[in-house]
Every structure is written in C-alpha cells, then in structure tokens.
Amino acid sequence: MRVTTDRDRCVGSGQCAMLSPEVFDQDDDGLVLVLQERPAAELLEDVHRAADLCPSRTIQVTG
Ligand code: SF4
C-alpha cells in the first residue's frame, strides 16, 4: 500500500489525522502531512476510512 495526497486540494478539515494518526498529521496551516507513505497492513482499514471521509478527496491509496 502506498499513500499519497494532493495538498493543493486539502481543506484542512483534519478527519485524516483524527482517524489515522499514525499515518496523517497536519502542518501549521492545517494541511495534511503524510507521516508514513507505506504504512503497515494493520493500518490499512483506518487509512481507507480516512481517504473515504476526506471531504476534498485529497488522499489516494494505491497497491
Ligand atoms: S481529511 Fe482531507 S481535507 Fe481534511 S486535512 Fe485530511 S487530507 Fe486535508
């Protein structure tokens, strides 16, 4: 699994960091930061939930 984001689309709502704090954080402007581009399999469910609930569809999960 590989996690990427399009930070130009991020609206800083924070769902990703709340739902999957091991993988996502926010910078000082509230924009998403990916902490782990290739997270462990046990984090997959939370990462997918974060991607599904991101209001601006900023998060892509591949692989
Ligand atoms: S949930 Fe989406 S819009 Fe909100 S901070 Fe995360 S990436 Fe940005």
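F24 is found in strand β2, residues 24-26.

Before I go on, a word on the source. This is a predicted model, so local features need pLDDT of at least 70 and side-chain atom pairs count only at pLDDT 80 or more, while totals for chains, interfaces and linings use all residues. Residues are numbered from 1 along each chain as its sequence is written, and side-chain values use heavy atoms, with hydrogens and water left out.

Now the fold. The protein chain has 2 helices and 4 strands, in the order β-α-β-β-α-β along the sequence. Helices (H or I, at least four residues) and strands (E, at least two) are DSSP runs, numbered from the N terminus.

And the overall dimensions? A compact globule of 63 residues would have a radius of gyration near 11 Å, and the protein chain, at 10 Å, agrees with that. The radius is taken over C-alpha atoms, and the globule rule is 2.2 Å times the number of residues to the power 0.38. Along the principal axes, the C-alpha atoms fill a box of roughly 30 × 15 × 15 Å. Of the 63 residues, 32% count as buried.

Which residues make up the largest nonpolar core? They are V3, C10, C16, V23, F24, V32, L43, V47, A50, A51, C54 and I59, 12 residues in all. Helix α2, residues 44-53, gives the largest share of this core, with 3 residues. A nonpolar core here is a set of buried Ala, Val, Leu, Ile, Met, Phe, Trp, Tyr and Cys residues joined through side-chain atoms within 4.5 Å.

On to the ligand. Around the ligand we find C10, V11, G12, S13, G14, Q15, C16, V32, C54, P55, S56 and T58, each with a heavy atom within 4 Å of it. This shell has 6 nonpolar, 6 polar and no charged residues; Ala, Val, Leu, Ile, Met, Phe, Trp, Tyr, Cys and Pro count as nonpolar, Asp, Glu, Lys and Arg as charged, and the others, Gly among them, as polar.

Last stop, strand β1, residues 2-5, where T5 lies. Is T5 buried or partly exposed? Partly exposed, because its relative accessibility is 23%. Thanks, everyone!

Technical notes: Buried means under 20% relative accessible area, exposed over 50%, partly exposed in between (1.4 Å probe, protein chains only).
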